[in-house]
Structures are given as structure tokens and as C-alpha cells.
Amino acid sequence: MTKRNVLKALAFLAGLYFVLNFFLPEKLGGDFDGYEVHAPAPVLTAEGPLLFYTGLYSDRLPAIGRLVAPTGAGDAWSRSPDKPVIQRSVFVPDDQAGMQQLDAVSAPDGLHLFYMGADRDHYLTLCHAVGNASGTAWEKKAPVTFTYARPLPPATQPAQHRNGVLPGALEYFAVDRSDDGAWRFLLLLKTTGKGTRPWLATGTDLSNVALADDPLIPTDIIPLNATTFDARPSGDGFD
């Protein structure tokens, strides 16, 4: 086989990989959420309640879908549009392996969707996308960046991550936006030797969200092998 034919074969295999992994599954047959659905994220908009969720075409092909509320008694939530509103990135690594755990927030500039994206090594990043008021068109933004004022001991100092330097591995989150435009995040961070603890982070700029000096609760209260998490704002904190 000549060098030219080898390059053609490699180009064909690369194209086949992207077709099987990133093209809309319905173009290949089937629904993008036919295998499994999880991670519901409800949000109230001017057009009514919406629900975003993660759907899977197979055990490794996720995308984010949109449901609209029923219009009459006995009606069911309906998928609209039929195709995903957010898919995995082809070139940006943050969510190439998929997305999980969503939270949606309605703001004056549109809808904000936050989700945990997984790269090919299944390292999680808190990702951010901004959509129109109806949630049908989205633009992915830079991941949320957190700052931590206290110096961390060298033994626990994590590598610089797309979400900044945190005193532990980010496992779960919840987010809210106050009327004055301030973002509030509740993060569950897992630290070696200290378990998983809740931390509060606040800021008006998603590229500079300040983490509190100490966790909200200093002891490990999160059960091992937790598979789901949710929290809603209550006063100055979360429940």
C-alpha cells in the first residue's frame, strides 16, 4: 500500500469515528434518548416551565434534550425539538465523553445551563452554556472558574484545572442567581482524608467565583457512592 493510500485510509477511519461519535444519532436511526434519560433540570421561563435532561443513544453517546410542559389535563411532557439542543464537543475536551448533572437558571439575558462535562479521561468539568429565552439555541461558554483565597498545603494542592484551583475534587453542584445578578454555587468537594463536604461560592462574574474560606459543614456528611444530588436556594444558603 502506498503512502497516499495509507493517508486515505486514515482519513476515512477518522471521518467514520466522528460520524459514529458526534453526528446526530437520528441521522443513523433511532432517538438520541432511546437508551436512557437522567439528570432533569427544570426551569421556569416567560414561556412557561421547561425541563432539560441528559439523554443517551447508547451507554456512551449522551446529549441534552428539552421538554415542554403539558398544555392540558392528562397531557404529558413533550420533547421539543426532537433533536438534542446541546451535544458533545468535537474539539473542546471538556465534554467530549458526555455530560451529566444539569442545572438551569433563567436570567434577563436568557437561559443559563450548567452541567458536569466529562473529558476522554472522564475528568469532570463544570461547563456553562447560554441559550435564548426559549432554550432552543445554545452557545457554549468557558467553564466556570473558581478562586480560593487560602493557600493549600502542598500535599493537597491539586493541579490547575479548567474550573480553577479547588480544595478538592468537584463531584456535585447546584447553582442559583439572585435578583442583583450574583451567582451562588453549592459545591460538593471530595478531599483526601476529609471526605465530601459542601462549600459555598459566590460572584457576579462566572470567570471569578470566590469560594468561601471554609466548608459549610466541617465534617463528612455526604453518603458514600451518592448517585444524585440537588439543592435549592433558601435565604442566604441552600437546602
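My entries on salt bridges and nonpolar cores follow.

**Ground rules.** I am working on a predicted model, where local features need pLDDT of at least 70, side-chain atom pairs count only at pLDDT 80 or more, and totals for chains, interfaces and linings use all residues. Residues are numbered from 1 along each chain as its sequence is written, and side-chain values use heavy atoms, with hydrogens and water left out.

**Salt bridges.** I searched the whole structure and got seven salt bridges (a side-chain nitrogen of Lys or Arg within 4 Å of a carboxyl oxygen of Asp or Glu).

I looked at Arg-79 and Asp-33, whose side chains form a salt bridge at 2.7 Å, N to O. Arg-79 sits in strand E4 (residues 78–79) and Asp-33 in the loop between helix H2 (25–28) and strand E1 (36–45), so this pair ties together parts 46 residues apart in sequence. For these labels, helices (H or I, at least four residues) and strands (E, at least two) are DSSP runs, numbered from the N terminus.

Next I checked burial (buried is under 20% relative accessible area, exposed over 50%, partly exposed in between, with a 1.4 Å probe and protein chains only). Arg-79 is partly exposed at 23%, while Asp-33 is buried at 16%.

I then went to Lys-140 and Asp-95, a salt bridge with its closest N and O atoms 2.7 Å apart. Lys-140 belongs to strand E8 (residues 138–141) and Asp-95 to the loop between E4 and strand E5 (98–107), so parts 45 residues apart in sequence are tied together. Lys-140 is partly exposed at 32% relative accessibility; Asp-95 is buried at 1%.

My next pair was Arg-184 with Asp-176, a salt bridge at 2.9 Å, N to O. Arg-184 is buried at 14%, and Asp-176 is buried at 16%. I also noted a network: salt bridges with shared partners join Asp-31, Asp-33, Arg-79 and Asp-82.

**Nonpolar cores.** Which residues have the most contacts inside the largest nonpolar core? I found Phe-114, Leu-126, Val-144, Phe-146, Phe-185, Leu-187 and Leu-211, in a core of 20 residues. By nonpolar core I mean a set of buried Ala, Val, Leu, Ile, Met, Phe, Trp, Tyr and Cys residues joined through side-chain atoms within 4.5 Å.

Strands supplying at least two residues each to this core include E6 (110–118), E10 (169–177) and E11 (183–191). E11 gives the most, with four residues. I logged a second, separate core of 18 residues, with Ala-41, Val-43, Val-68 and Cys-127 among them.
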